[in-house]
Amino acid sequence: MVSTEALLQHLVSGLTVGSIYAATALGLTIVYGLLKVLHIAHAAVYVIGGYAAYIAYTSTGSIVLAVAAAAVVPAVAGVVLARILYMPMLEKPRHIPLMLSIAAFLLIEELIANIFGHHPKGFHIEGVPTDPIDIGGITIRPSSLIVVPVTVLATIALWVAYNRTKMGIASQALVQDMEVAQALGVNMPFIVYVNFAIGSILAGIAGLLYAVHYGSISPYMGDVVAYKALVVIVLGGFGSIMGALVGGLILGVAEEVLTSYLGYILPREAYAFIVLILLLILRPQGLFGRAE
Amino acid sequence: MPISPGYLATLSTVVASYAIATLGLNITMGRAGQVNLGQAAFVGVGAMTSAILATRYDLPFWLCLPIAALISFAIGSLIGVVSIRLRHDFLAITTIGFNFIVIYVFLYYEVFGASYGIAGIPKPSIMGFKLRGFWYAGLSWAILGLAALLARYLDKSWMGIAFESIREDEEVSESIGISVRKFKILAFAVGAMYGGIAGSLLAHFKGYIVYSDFSFPYSIMILSMSIVGGIDTISGAIAGSLIVIMLPEIFRPLMEYRMVIYSALIILMLFLRPEGLLGRRSIVLEKVRAILVEGTRGES
Amino acid sequence: MRSISTPKLIAIIVVLAIIAVAAYAILRGGIGGPETIKIGFFAPLTGPASADGIAARTGAEIAVEILNEQGGVLGKKVELVVYDDALNPDQAIAVSHKMIEQDQVVAAVSGSYSSTTLAASSVFDEAGVPLVVAYAVNPLITKDKQFVIRVGMVAEVEGRAAGYTAVNLLGARKVAILYIDNPYGKALADNAKAKLEELGAEVVFVDKFQFATDDFSPWLNQIKSIEETKGLDVLMIFGYYQHATAVKQARELGIKAQILGAEGFDSPKFIEIAGPAAEGVIIVTDFDRDSPNPLVKEFIKRYREKRGIEPDMVAASAFDAVMVLAKAIEKAGSLDKQKIMDALRGLTDYDGVAGKILRFTPGGNAVKELTLQIVRNGEFRRYGMITEEEIIVPSE
């Protein structure tokens, strides 16, 4: 029988990985709510965040600049993507922007590989502890104590922004009914770009969290996240901020447990896809979403 | 850049095979309007079927290919069933998920070679004469020709009309008596069957296949062939395959940037010419038609 | 208005296309000069394994440089025809066809991993063109093939050596194995496990991971749990430098066992990505940085000059592969592929950069000395050598 300690151990690891998924999915869910586009290229923004932080940190040695880079550069990238890819295609059937997004994701990934090198780079930030932390019989990797709180805080901050600020209410209005909201004076392009910027900042930070947790970055680090963030927003419900957090954490833990004990049936990634397809067929609104 | 005859045979075999796969995608997506971003999975199903039958059961190629086509048709209809309630982006994501799941199944189970793949897939032979090199290329093109004829026949039949109707508007189609359900399933089944035939051809050509040969990037490659060449025509599928495969061969430096090219082409074409160079409503085809019509009209 | 029917249109386009391409090809056909000896070379120059691919290519290039400085082979200059396989078996097959049919190489060297080399080996063997494998370990690459020979370690030997090292040199009684699910990892794990059990050690955990894995906690958590309850002496991780993060994660989770890796970890990238956790990791490989062989020192010097980083096993192996091939061509005295193959099989006592090759088995695998290297102060240094016949002679 599996001991409680072992299960708790798995739980902690799962929550950490799940937080990275959640942080990425937060941005994705905001964007989907607004434009009804599955912004796969969001994963490329995540990679850009990781690399921006890497460049900032290795040239200046400053963690603050690394964080800033991980926020600012992706924000710009996200807004640019929105402007070029999605705004002109709002009227087309929804698989067109999806294909554009996938193509853009692959394109950016390859460009990063060609410019910065195809292979992973070691990215260790001084000051981040590496010794295991013992709490009540379970060992926690120190990066877990950074990744999980940051994600939870980001979620709360986002929720507050959405429900307590003018910008947030305006965004929600656009989600409800784009035409009516605009008629009532909401500045659609501007609000959309603000949302993209915020979502992209979150993706960039998620990219930095990835580097902190794994000690490296690679041009292909977005591959896994691209599809998993999708699973998270389907699981949590499109457009739901809390859903993104809960969905991400559930996915992380489920993967950890399934891979540990049922890893011989299919690899880890397969479980995410199976969950995705089942959800799309049976309960597309996810846990917290509204049925369309 | 000069191409030697031996290598030309290799290239043309690959072009023909992928043209068949793209043709399948054109039927499912271009004609019937069902998004399919996982066509490579069906290529894989056909390839694996053919490979297993040939290496484990010593069945001749002439049996392997039709069986591979049938099995792909069956699996395609399964996806068709799954697709009934899904549309557009949700359908797209599901097909991507399907692609990934299929290759993970190939990776995890020994019968598909797991991570070692299946080696020793033999070339077909007629009365003891092995078909390799130019002979195999010729065979591939012959099968492409047959596939094209079949596609044209289906297109002119009730199936083609039903597909077009569904693509335009599913609700209206249902209301005028077209079973959307049945034709969605057929759309995937037929497209998958073409994919499977392509897979079988590729498997016997390469002699060695492994799970990663059918992964999502290959679906993107086939998609780019469709979008570039023409999403809803037979000639578009052939042109697309020709262009996407030959371009990096002729311009050697492009080799390293293949993924960049596929994705850039998709983006460009979706913006500029979403129906592809030789798609049904494309301007290029109009002009070519006009020229040829003027030509064949002669003095009258 | 009479319009041309679609089938006719299709036929016309298809025929035009074929004629155009064929005409172009035949009119411009013709292959390169007979003044050079063309040796094909493929490696993962792009994609996640590119650090190894580029390293291998550099090793091969250094060999070609040295050969040409000394007058070439059979009086002609050696030309390396390089292709990228992007670690994709399908692409490996495609470039193999290209090397054989288009460039018409005399022979080729694989600077790539087992998955791609396995795919390519079928093509070369069927075409009757010699393929010298630099470092891919999977046994099927050479098995039952007439035209494939391997200068690097074969999985059976490397796995056996790992088992032997764990029990006899590190005194392990309980061992865990974590391996990458591919022809390299599987082969190593199988052989290591067999040797461990033969020597009486207990294999307390075995599981596999995929190439793209970044989070190793599902397995490491279990391993940690085993270490705490049953005890663990050695953790074998059979992966590539990309999986150095597993070592980092293991140490951060508090796993204390000695970590033993194989040639996949033999790269400066491994040390870079694992960071301080790399300290003390031991690997089974064939490239001895502390070797007294002057060729090794020369190689290291030239490599550092070219790339500014330390050389590794893949570079050393690629170097040896090219050198061995050159020697065989000289010995054969001609470009006849069968003669070259025979000459290759008959080679003995090559003291190379990636270890000393004593001879080749009839199955085409090298009998060579292995070395154990340990990470000290961020560098690989010699920890020991393995030269016992019972370990290093492949069974095929």
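1. A quick word on confidence before anything else: pLDDT is the predictor's own confidence in each residue, on a scale from 0 to 100. This is a predicted model, and chain C averages a pLDDT of 91, with 92% of its residues scoring at least 70. The model as a whole has an ipTM of 0.86 and a pTM of 0.88. One caution to keep in mind as you browse: where pLDDT is low, the predicted coordinates should not be read in detail.

2. Let's take chain A as a whole. Chain A is built from eleven helices and four strands. Its radius of gyration is 19 Å, close to the 19 Å that the globule rule gives for 292 residues, so chain A is as compact as a globular protein of that length. Along its principal axes, the C-alpha trace of chain A spans about 60 × 45 × 35 Å.

3. How is the inside of chain A put together? Of its 292 residues, 58% count as buried. If you look at contacts in chain A between residues at least 6 apart in sequence, 78% of them join residues at least 24 apart.

4. Is A75(A) buried or exposed? The cut-off for a buried residue is 20 or more other C-beta atoms within 10 Å; A75(A) has 24, so it is buried. Leaving aside neighbours within four places in sequence, A75(A) is in contact with A197(A), S200(A) and I201(A). By contrast, the C-alpha atoms of A75(A) and V234(A) are separated by 24 Å, and these two residues are 159 residues apart along the chain.

5. Next, the meeting of chains A and C. Here 28 residues of chain A are in contact with 28 residues of chain C. On the chain A side, the elements giving two or more residues are α1 (4–35), α9 (221–236) and α10 (241–262). The largest share, five residues, comes from α1(A). By class, this side of chain A divides into ten nonpolar, 15 polar and three charged residues.

6. The domain assignment gives domain 1 (36–153 + 292–364) and domain 2 (156–285 + 375–392) of chain C, and their C-alpha centres lie 27 Å apart. The contact between them takes 17 residues from domain 1 and 17 residues from domain 2. On the domain 1 side, α2 (50–69) and α4 (114–127) of chain C are the elements that give two or more residues, and α4(C) gives the most, with three. That side of domain 1 has eleven nonpolar, three polar and three charged residues.

7. In soluble globular proteins, nonpolar side chains tend to be buried together. In this model the largest nonpolar core has 367 residues, and those with the most contacts inside it are I39(C) and V322(C). Helix α8 (residues 180–206) of chain B gives the most to this core, with 16 residues. Domain 1 and domain 2 of chain C both give residues to the core, so it lies between them.

8. Which residues does I39(C) touch, not counting residues up to four places away in sequence? Its partners include V78(C), L80(C) and V81(C), then V105(C), V106(C), A107(C), A108(C) and V109(C), and also V322(C) and L325(C).

Note on methods: Residues are numbered from 1 along each chain as its sequence is written. Chains are lettered from A and ligands numbered from 1 in the order in which they are written. This is a predicted model: local features need pLDDT of at least 70, side-chain atom pairs count only at pLDDT 80 or more; totals for chains, interfaces and linings use all residues. Two residues are in contact if their C-beta atoms, placed from the backbone, lie within 7 Å. Ala, Val, Leu, Ile, Met, Phe, Trp, Tyr, Cys and Pro count as nonpolar, Asp, Glu, Lys and Arg as charged, and the others, Gly among them, as polar. The radius of gyration is taken over C-alpha atoms; the globule rule is 2.2 Å times the number of residues to the power 0.38. A residue is buried if 20 or more other C-beta atoms lie within 10 Å of its own, exposed if 12 or fewer, and partly exposed in between; C-beta atoms are placed from the backbone. A nonpolar core is a set of buried Ala, Val, Leu, Ile, Met, Phe, Trp, Tyr and Cys residues joined through C-beta atoms within 7 Å. Domain bounds come from an automatic or database domain assignment.
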